[in-house]
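Hi everyone, thanks for coming. Let me put today's structure up on the screen, and then we'll walk through it together.

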Amino acid sequence: MSHISAVASVVILEMIRRKDVYVLLFLTALITLALGAVNFFGDPKIARYLKEVCLALIWVSSLVIAVFTAARQIPSEKESRTLFPLLAKPISRAQVMLGKFLGCWLACAASLAAFYVFFAILSATREGQWPVANYVQAYWLHCLFCGLVASLTLLGSVWFTAVSSNATIILAFVGAMLVLGRHLHKVAMKTGGLAGNLLDVGYYALPHLEWFDVRDLIIHNWPRIDWDVIAKDTLYAFAYGGCFLALACWRFRRYAIH
Amino acid sequence: MGLVVSCRVVPWPRASTGFAFGHMSGTIKPILSAENLRVEYRPTSRKGGGPKVALNGLTLAVYPGEVFGFLGPNGAGKTTTMNVLLGFTPPTSGRATIFGSDVRDPSSRQRIGYLPELTYYYKFLTAFELLRFYAKIFGIPAAQREQRIEEAIQLVELGAAARRPIRTYSKGMQQRVGIAQALINNPDLLILDEPTSGLDPIGRMEVRRLIQRLKKEGKTVFFSSHELGEVETVCDRVAILFQGELKALGPIASLMSPGETSLEQAFLRIIGFTPNEESACPISPLSLAS
């Protein structure tokens with residue numbers, strides 16, 4: 001475990017020393033505050049549109065952070081050849097991969113925490129309430145989403161040589177699953193035939209990332225989700241994340257480095 | 001003079017040395033051994049023809065306490081051998097072991113220090129952070145870690161610069177970081193890949209001194225180099241590789257024919273290079289000097 005945590009700590013340090021997260025946080029705050037300055041219908045208490053925009057920006061930012069942090073890990077280490085002195089140490093490739101994942105996930109979780117604190121302060125100043133349990137649920141599910149995306153991206157990074165192609169494919173896939181994932185089964189039923197069967201296989205086999213998106217819960221101040229549903233979502237994310245990481249480790253073991 | 005086709009292998013240690021008898025009777029086990037190593041690379045394009053043989057039947061052993069030079073012109077297979085020994089590239093056939101463990105087992109690298117040819121380190125870390133990271137990977141206990149890092153920093157004379165990001169270092173300072181990370185675990189075997197490549201004369205002298213100091217401490221050093229003068233100064237034995245095959249192996253003196261006064265002359269003869277007959281050898285003298 002110390003090997004994995006050592007690799008993870010380097011990933012986190014790298015993210016802290018890069019400017020990406022600060023820029024995204026600054027842009028999110030700037031856009032949200034600029035929109036907050038607009039007084040629609042002369043009613044300063046209208047806050048839902050502001051919460052919606054702010055959460056959308058947080059989701060886009062988190063997706064960018066998760067995908068790009070994970071996508072560059074292995075290819076950039078290979079390109080800059082820092083992988084050579086690292087793998088010349090008593091560390092297995094699986095430990096390197098798991099350390100990279102843990103680092104990416106913790107880095108995403110830490111940056112998400114900053115985003116959610118900003119959101120909570122903004123929401124409280126407008127609505128005067130702190131539904132902490134709802135925020136915690138939304139934050140945890142969002143962290144699981146980032147973990148799933150990071151594991152999928154790491155798997156892609158040992159398959160595709162270019163960071164850009166991997167990132168583009170993952171972003172397109174995640175975007176498609178968030179928007180269309182829940183409709184795949186309905187479309188499959190209507191389509192029928194082989195195409196319908198294939199869509200149905202996709203519906204049951206692909207990870208349903210939309211299950212981790214509970215923005216409506218906090219935008220509309222709905223009652224919090226049952227904790228057993230959160231626990232099932234957690235298991236679901238761990239199962240899929242575990243499969244992606246196992247495949248990534250298997251592929252990375254066979255990855256020729258010369 | 002035509003190409004030398006047979007491999008000239010002279011045993012080590014020589015009969016006059018103390019542990020020669022141990023070696024001869026098989027009581028001294030090699031620290032590093034390669035048995036019939038073969039590495040083939042598949043062509044990257046479909047037009048590329050058959051697989052390229054980078055290493056063909058390499059067999060060698062390195063014994064405790066010796067400084068072993070690994071020589072060959074560009075493309076001879078030195079880097080491929082290093083890659084196999086460090087577990088970066090799996091051999092197509094054959095076996096390599098370090099401290100008796102297969103090189104694909106990460107634990108075989110526990111007592112190794114590796115200095116790559118160029119400085120490949122995380123530029124956003126400070127030297128101190130980099131050494132701490134590698135010390136953690138070696139499993140050095142936290143109580144000893146900071147002391148070991150301080151010692152390594154003092155050894156390479158980085159001083160206060162150790163707290164600055166590596167990206168701000170000169171090439172020489174980066175090479176010192178490389179040496180510090182290679183020694184952080186107090187290794188019994190050092191694998192150095194062209195350690196003086198690209199260094200100025202002072203840097204080269206420092207590396208040479210380091211190798212001699214390690215030799216005095218009883219460490220085993222395995223290093224590849226183009227610098228034949230340097231090899232002659234510090235090595236107990238050398239292996240000469242050419243076109244993926246081992247052409248000679250043994251103490252430097254034993255590889256020299258009567259009339260030869262330097263390792264360079266022996267080296268050129270062994271790889272079949274003659275300055276006046278360019279067709280005798282497919283390599284140019286420039287590639288030897290690089």
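So, how many helices and strands does the secondary structure of chain A come to? It's 11 helices and zero strands, where helices (H or I, at least four residues) and strands (E, at least two) are DSSP runs, numbered from the N terminus.

Quick housekeeping. This is a predicted model, where local features need pLDDT of at least 70, side-chain atom pairs count only at pLDDT 80 or more, and totals for chains, interfaces and linings use all residues. Residues are numbered from 1 along each chain as its sequence is written, while chains are lettered from A and ligands numbered from 1 in the order in which they are written.

Back to chain A. Its C-alpha atoms fill a box of roughly 65 × 50 × 35 Å along the principal axes.

Now, the partner. 24 residues of chain B are in contact with 21 residues of chain A, contact being C-beta atoms, placed from the backbone, within 7 Å. On chain B's side, the elements giving two or more residues are β7 (112-115) and α3 (127-137) of chain B. α3(B) gives the most, with four residues.

Notes:
Contact = placed C-beta atoms within 7 Å.
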